[in-house]
Amino acid sequence: MTVRTTRRVFLSAATMVAAALAATACGSPQDTASGGGDSAAPVKVGLVYSQSGALASYGKQYIEGFKAGLDFATKGTNKVGDRAIEITEADDAGDPAKAVSAAKDLIGKGTKIIAGSTASGVALQVAPIAAQNKVLFISGPAATDAVTGANKYTFRSGRQSYQDVVTAKSFIGDPTGKKVVVFAQDGAFGDANEAAVKTVIGGAGATVSSVRAPASATEFTPFASQIKAAKPDLLFVAWAGTTAPAMWQTLDQQGVLSSTTVVTGLDIRASWPTFGAAGSKISFLSHYFDGASDTEAAKALKAKVGTVDLFHPDGFAAAQMVVRAVQEGGDDVDKMVTALEGWSFDGIKGKMTIRAEDHALLQPMYQAKLTGSGTEFTASAQKSLTGDETAPPAVAMKG
């Protein structure tokens with residue numbers, strides 16, 4: 001995720017450009033599950049994602065969401081027309097080399113649709129393989145902006161970093177003349193977050209500065225003092241690692257959380273206890289959490305998985321996109337691509353639109369708050385932003 005207490009990294013976003021969406025009716029892929037192709041042979045779909053490794057918890061949510069989405073999109077048949085959707089799962093363990101090897105193996109066995117990519121580094125290596133072999137690739141939770149516009153065969157079923165930053169910007173309204181401080185650790189993770197905030201929020205008129213801490217820091221009082229002295233209108237926190245609980249506790253104890261609007265990203269439920277007593281005092285940008293929406297798709301997902309978490313929607317949307325591609329394209333990958341470009345559908349979060357120009361997935365995002373404490377936190381939506389409000393700038397298709 002974008003500004004989380006774990007691992008996701010921003011890439012700098014470009015200047016906002018208005019982009020016209022292809023006119024298309026909003027529908028669900030289960031409406032016309034008729035199928036294409038010359039036979040009733042199964043449709044081979046390869047899911048390459050993190051079953052193990054640092055992002056295994058994300059991968060677990062992705063695959064649970066995919067299976068629920070496939071059930072929803074095919075009305076429980078797991079078929080498109082007479083053609084069964086044959087799923088082969090492969091573990092990339094978050095390693096791009098393993099992902100590329102698995103994707104090539106699946107393609108060699110006749111698979112024309114690859115989905116997954118829990119990690120951004122993986123998605124950026126699999127995307128060129130899709131273009132070289134002319135297979136459909138639907139990236140999953142990987143948030144890097146670079147997946148958008150990577151090539152004509154690459155799509156995404158989750159949000160991207162730009163949408164996270166725009167959601168953070170929404171907490172201060174018009175940024176013109178506002179002061180924003182980024183609090184992050186030294187290193188690539190902090191650099192990327194600071195650059196993204198300067199581009200997106202600074203580019204909209206705010207003055208952006210930063211307070212940076214060594215990754216090895218365990219005492220955070222001096223940094224809290226620097227933040228208070230800066231008197232920001234918004235503090236944007238991007239933190240990774242096991243020191244997060246101590247960091248949040250210090251910001252709370254030193255009065256930072258009560259002196260300004262503090263925004264960070266809402267990660268998976270298992271991470272919520274790391275906020276401690278500070279949790280109810282933080283404003284969260286959110287991709288998704290249980291109860292954020294009440295769509296038919298959300299109800300269907302909840303019926304299948306129980307408690308819905310951050311990356312269940314990414315898997316669910318991927319399955320909807322797979323069904324749409326097969327319905328309209330059969331075994332012709334170029335027709336699959338055409339069928340997805342400009343398509344709007346009813347997803348977990350509401351209306352989702354695949355922008356034709358660069359395959360960005362326009363979708364709602366949320367402002368959220370936590371109530372309660374520790375393991376008993378409950379998330380609630382304070383505001384929903386539409387897909388148009390959080391749309392990333394259109395980029396030229398690279399391949």
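1. Helix α1 passes helix α9 in a right-handed crossing, a crossing being right-handed if the near helix is turned clockwise from the far one by less than a right angle, and left-handed if anticlockwise. The model is a predicted one, in which local features need pLDDT of at least 70 and side-chain atom pairs count only at pLDDT 80 or more, while totals for chains, interfaces and linings use all residues. Residues are numbered from 1 along each chain as its sequence is written, and side-chain values use heavy atoms, with hydrogens and water left out.

2. Helix α1 spans residues 56-73 and helix α9 residues 296-305; they pack at an angle of about 120 degrees, with their axes 9 Å apart. Axes are lines fitted to C-alpha atoms, for helices over the stretch in contact, and angles run from 0 to 180 degrees between N-to-C directions. This angle makes α1 oblique to α9 (under 35 degrees is roughly parallel, over 145 roughly antiparallel, 65 to 115 roughly perpendicular, and the rest oblique).

3. In this contact (heavy atoms within 4.5 Å), α1 contributes Glu-64, Gly-65, Ala-68, Asp-71 and Phe-72, which meet residues of α9 including Ala-300 and Leu-301. The residues of the contact of α1 with α9 divide into 6 nonpolar, 1 polar and 4 charged. Ala, Val, Leu, Ile, Met, Phe, Trp, Tyr, Cys and Pro count as nonpolar, Asp, Glu, Lys and Arg as charged, and the others, Gly among them, as polar.

4. Helices (H or I, at least four residues) and strands (E, at least two) are DSSP runs, numbered from the N terminus.

5. The bridge partner of Ala-184 in β10 is Ala-238.

6. The axes of helix α4 (residues 161-169) and α5 come within 10 Å and cross at roughly 60 degrees. The two helices are therefore oblique to each other. Their contact joins Tyr-162, Val-165, Val-166 and Lys-169 of α4 to Ala-196, Val-197 and Val-200 of α5.

Terms used: Two strands pair if DSSP finds at least two bridges between them.
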